[in-house]
Amino acid sequence: MAFNSADIGAFKNVWVFCEQRQGKMMPTTFELISEGRKLADELGVELCGILLGDNVDAIAPELGNYGADKVYVYNSPLLKDYTTDAYTKVISEAVEEIKPEILLFGASNIGRDLAPRCAARLHTGLCADCTHLDIDMPIYKNFLKEASTLPAERIEKLGTVKINGADHDVSRDIKMTRPAFGGHLMASIFCPRFRPAMATVRPGVMKKRECKKNVEILHPAFNLTEADIKTEVVEVVKAAKKLVDLIGADFIVSVGRGISKDVEGGIKLAEELAEVLGGVVGSSRACVDAGWITADHQVGQTGKTVHPKVYIALGISGAIQHKAGMQDSECIIAVNKNDTAPIFEVADYGIVGDLFKVVPELIESIKAAKA
Ligand code: FAD
């Protein structure tokens, strides 16, 4: 079903798709609930989670710890493991029935598969891979007044739709921001004519904030049969490889192309420094592209977004795409032999020098301080 602008006034509340796997809530869900709380407060509406699975009621109250007012729970053995068909059908039909104005997904593998399918079925807009969300239509209007040749009258009408012949103000719109053109600029995207406005949000970008609420758990009726699902999940096999947990780490020591004269030695130094700090090793994309380290270590626009207590960048120049993933770290320490490297622009502490000389001294000093 397609909702056109005449239906917009019927849509209310902010929804977050609450991703769970094997009955465990994914950390991104709490980040999105916290962000959704902020948006719902600005709009003066409720924040609702939509949770699909098999017997997942027990984890629904966790969402109340981060500010959810309600959770719509859809339980079925057919929803135990994620399938595109089943999840798309249940979510799309729930949206048609209950009509949220905003619907957020994590940009996880599941979110990236599911959100576009729902958006297409609901005939609405989806902004993928957002790094920032606001309620902000007036800023967009001001920008157009200054930058476009559109008559002011037409700009004022933006965000106003006719419902039963009367003007209806939809200017409380969500502004979805994401990197564009290879990260060289940030694009602000609005979805003023269709509902819900949908976005996927990169894991790790939004901060989770505790905000206790008495959450109401609801079980709306829904229809789902085996005939709705074209695929069958035969087995879920967990990857044997242990992936590095960059998003949850307090200390990250990242390596860049600056280790090129001794790749093995450079990575070993980073591992040693990470170990004395109780942290993990990250990297720039240059090292991943060169095959020196696996992609799960990559920080940046096409890697992970991190905000540890301390981020140490070793031999990383500080390209905009790398900074996009680490510049919100609480404390940034950069080691680079070039004193004009852009990484120093975001660093709290900069050490100009050869990482192969600096890092062993750092390790020794930390060990001595701990002894
Ligand atoms: P370089 O830019 O080559 O920098 C190496 C640095 O090491 C230099 O500053 C040099 O002075 C210093 N150095 C050399 N030797 C030493 C030494 N012995 N001691 C100390 N310092 C030394 N990049 C990312 O990191 N993450 C991303 O997610 C990402 N996504 C991208 C997405 C797109 C669409 C594009 C176009 C690019 C992306 N990039 C990303 C690539 C990015 O533009 C840069 O090319 C990359 O970050 C550079 O990595 P680097 O800093 O390790 O290497």
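1. The largest nonpolar core comprises 36 residues in this model, which is predicted. Leu51, Leu133 and Met176 are the residues with the most contacts inside this core. Helix α1, spanning residues 27-43, is the element that gives the most to it, with 6 residues.

2. When neighbours within four places in sequence are left aside, the contacts of Leu133 include Leu39, Leu104, Ile174, Met176, Ala199, Val201 and Met206. Glu35, Lys38 and Lys175 are also among the residues in contact with Leu133.

3. Which residues are the closest to the ligand? They are Arg257, Ser284, Thr302, Ser317 and Gln321, from a shell of 25 residues that surround the ligand. By type, this shell divides into 16 polar, 5 nonpolar and 4 charged residues.

4. Ser317 places a polar side-chain atom 2.7 Å from a ligand oxygen atom. For Gly315, a backbone N or O atom lies 3.0 Å from an oxygen atom of the ligand. In the case of Asn336, an N or O atom of the side chain is 2.8 Å from an oxygen atom of the ligand.

5. The ligand taken alone exposes 990 Å², and the protein buries 78% of that area. The elements giving two or more residues to the shell around the ligand are α7 (285-289) and α8 (320-326).

Methods: Residues are numbered from 1 along each chain as its sequence is written. This is a predicted model: local features need pLDDT of at least 70, side-chain atom pairs count only at pLDDT 80 or more; totals for chains, interfaces and linings use all residues. Side-chain values use heavy atoms; hydrogens and water are left out. A residue is near a molecule or strand if one of its heavy atoms lies within 4 Å of it. A polar contact is a pair of N or O atoms within 3.5 Å; within protein, one must be able to donate a hydrogen and the other to accept it, and residues adjacent in sequence count only if both atoms are side-chain atoms. Accessible areas come from the Shrake-Rupley method with a 1.4 Å probe; for residues, only the protein chains shown count as cover. Helices (H or I, at least four residues) and strands (E, at least two) are DSSP runs, numbered from the N terminus. Ala, Val, Leu, Ile, Met, Phe, Trp, Tyr, Cys and Pro count as nonpolar, Asp, Glu, Lys and Arg as charged, and the others, Gly among them, as polar. A nonpolar core is a set of buried Ala, Val, Leu, Ile, Met, Phe, Trp, Tyr and Cys residues joined through side-chain atoms within 4.5 Å. Buried means under 20% relative accessible area, exposed over 50%, partly exposed in between (1.4 Å probe, protein chains only). Contact means heavy atoms within 4.5 Å.
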